Amino acid sequence: MASSDRRVLRRLAALPAVACLVLAGASCSADTAAPAPGITSAPCPQSPHTDRGCLYLGVLSDLEGGPFTALGVSMNEGQRAFWDEVNKAGGIGGYDIDLATYTRNTAYDPRTHRTAYQEISPHVLALAMSFGTAQTLAMLNDMDADDMVATAATQWSGWGFRSADRNLVLSGGYSYCVEAINALDWFTQDHYHPQRIAVVGYRGTFGEDFAAGAMRWAVANEAAIADTIETGPNNEVGNQDSTVAQVLAAQPDLVTLATGPAETAEIVGKLVKSGYTGRFLGSLITWNPALLKSPAAPALTALYNFTSPIDSWDGNSIGAQRARRALGHEPNNLGYNLGWAISYPMRALLTKAAATGELTRTGLRRTMENLLPDSEGIAPVQRIGASAPDPSIDWSVVYTPDEQAPVGARVVRSTYRGPTLGKTTLSEPCKPI
């Protein structure tokens, strides 16, 4: 359905309320007003709470067939566990929250993502997850027309600016740009000061945002970018041979990575086999514990670290403790904690909207302004609707692969905040400088 058609439908849906005003000279009662999309007085499917209505949230994620399926499945598990706990605690505003009914696999494909959005959008109040930056941007015009608020399972720096996200997108943790800056600070303190950095990333907003952060760090810390190398998932480009050749030609002493796990293992494994002796530093989503079973495992264990904006599975924050209790067993990967953590902003938004009588799509969009969620310490919290994010409050958890550790990765440093973050200001989405 085209966005213009949806605007017409919204206007038509408003006609009964307008008619009440004209004919009766007063607003319609709550009994005659049409319910907001995604809210029903009937209980949620399978809910034991028959005295509550149902509030439906949509999920669009890589659940099968994409480069981040393992992460997407685990994040979905974390979100479902989070909202199950909310429902057990009484729900929100007289409603249980349902994610399962309108969960769709989009396999990290922007076209599939937008098509799935158009299918579920008439039936949900908001999106609990939209996985991928390009995927979310591909449907932002539709979301704008529909007043559809979404939690973005993506750390693009643009989500911190209303000019970019149109006051529609919630996110948790730092941006990829900040991730690169803070990771390089830690790397310098724990290993060595890199002089020549090769920045490898997926083409598009994920890789570009991470690369922009690396460039900012290099300028601030007297280092050089040896090369910026764009690649794609193997299901698009076939293999990473060209990437490996470009890295070897650049002769860096550090390779930063903003790719998927499969590409990370191939790049690291082939470079080390070719004689490269430097180290590797990756974004959270470069890692999957399954890589410990790959031929690249020895090289990854010896030479690779990655960072995360979320407290670890065995972390001490209240949020991490609640996440552990809710699941009761070790998850497949760190995506579980990530899915749990990014759900706090939506809970805060729905709770405030319910308390102020704004539990509609337009009401949620208004309520986004100046909202400060409580993440119970599991992630740094930025004020939603602020004029710009404050990088100085962000922190990272640093990991090294370890098959003996929970989810295959041992924490090297918790809540690390490097000196460059305090000197970083962002007035627009992060771009190379």
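W156 and W159 are both buried, where buried stands for under 20% relative accessible area, exposed for over 50% and partly exposed for whatever falls in between, using a 1.4 Å probe and protein chains only. The model is a predicted one, so local features need pLDDT of at least 70 and side-chain atom pairs count only at pLDDT 80 or more, while totals for chains, interfaces and linings use all residues. Numbering runs from 1 along each chain as its sequence is written, and side-chain values rest on heavy atoms, with hydrogens and water left out.

Back to the rings. Rings of Phe, Tyr and Trp (for Trp, the six-membered ring) pair if their centres lie within 6.5 Å; planes under 30 degrees apart count as stacked, over 60 as edge-to-face and the rest as tilted. By this rule, there are 19 aromatic pairs. One of them joins Y108 to F131, edge-to-face, at 6.1 Å centre to centre and with 80° between the planes. This pair links distant parts of the chain, as Y108 sits in the loop between β4 (103-105) and α3 (110-120) and F131 in strand β5 (residues 126-131), 23 residues apart. Both Y108 and F131 are buried. As for W156 and W159, their ring centres are 4.9 Å apart and their planes stand at 90°, so this pair is edge-to-face. Ring pairs also tie F68, Y108, F131, Y176, Y202 and F206 into a cluster.

T133 belongs to helix α4 (residues 133-138), and with 4% relative accessibility T133 counts as buried. Setting aside residues up to four places away in sequence, T133 touches T154, W156, W159, Y176 and T205, contact being heavy atoms within 4.5 Å.

The loop between α5 and β6 is the next stop. D147 has its place there, between α5 (140-146) and β6 (150-153), and is buried at a relative accessible area of 15%. Beyond its neighbours within four places in sequence, D147 is in contact with L168, R361, T362 and R365. M148 is found in the loop between α5 and β6 too, and is buried with a relative accessible area of 0%. Again leaving aside neighbours within four places in sequence, the contacts of M148 are Y117, S121, V124, L125, A126, L127, M143, L168 and R361. In sequence M148 and L364 are 216 residues apart, yet in space they are 8.5 Å apart, C-alpha to C-alpha.

Helix α16 (residues 361-367) holds G363, which is buried with a relative accessible area of 0%. From G363 to E222 the separation is 141 residues in sequence and 48 Å in space, C-alpha to C-alpha. E222 is found in the loop between α8 (205-220) and β9 (224-231) and is exposed, with a relative accessible area of 72%.

Backbone angles come next. Most residues other than glycine have a negative phi. E222 is not a glycine, although its phi is positive at about 55°. V407, also a residue other than glycine, has a positive phi near 50°. V407 lies in the loop between β13 (396-401) and β14 (409-416), and at 4% relative accessibility V407 counts as buried.

Zooming out to the chain as a whole, there are 16 helices and 14 strands, read as DSSP runs (H or I over at least four residues for helices, E over at least two for strands) and numbered from the N terminus. The C-alpha trace spans about 80 × 40 × 40 Å along its principal axes. A compact globule of 433 residues would have a radius of gyration near 22 Å, and the chain agrees with its 22 Å; the radius is taken over C-alpha atoms, and the globule rule is 2.2 Å times the number of residues to the power 0.38. Of the 433 residues, 56% count as buried. Among contacts between residues at least 6 apart in sequence, 68% join residues at least 24 apart.
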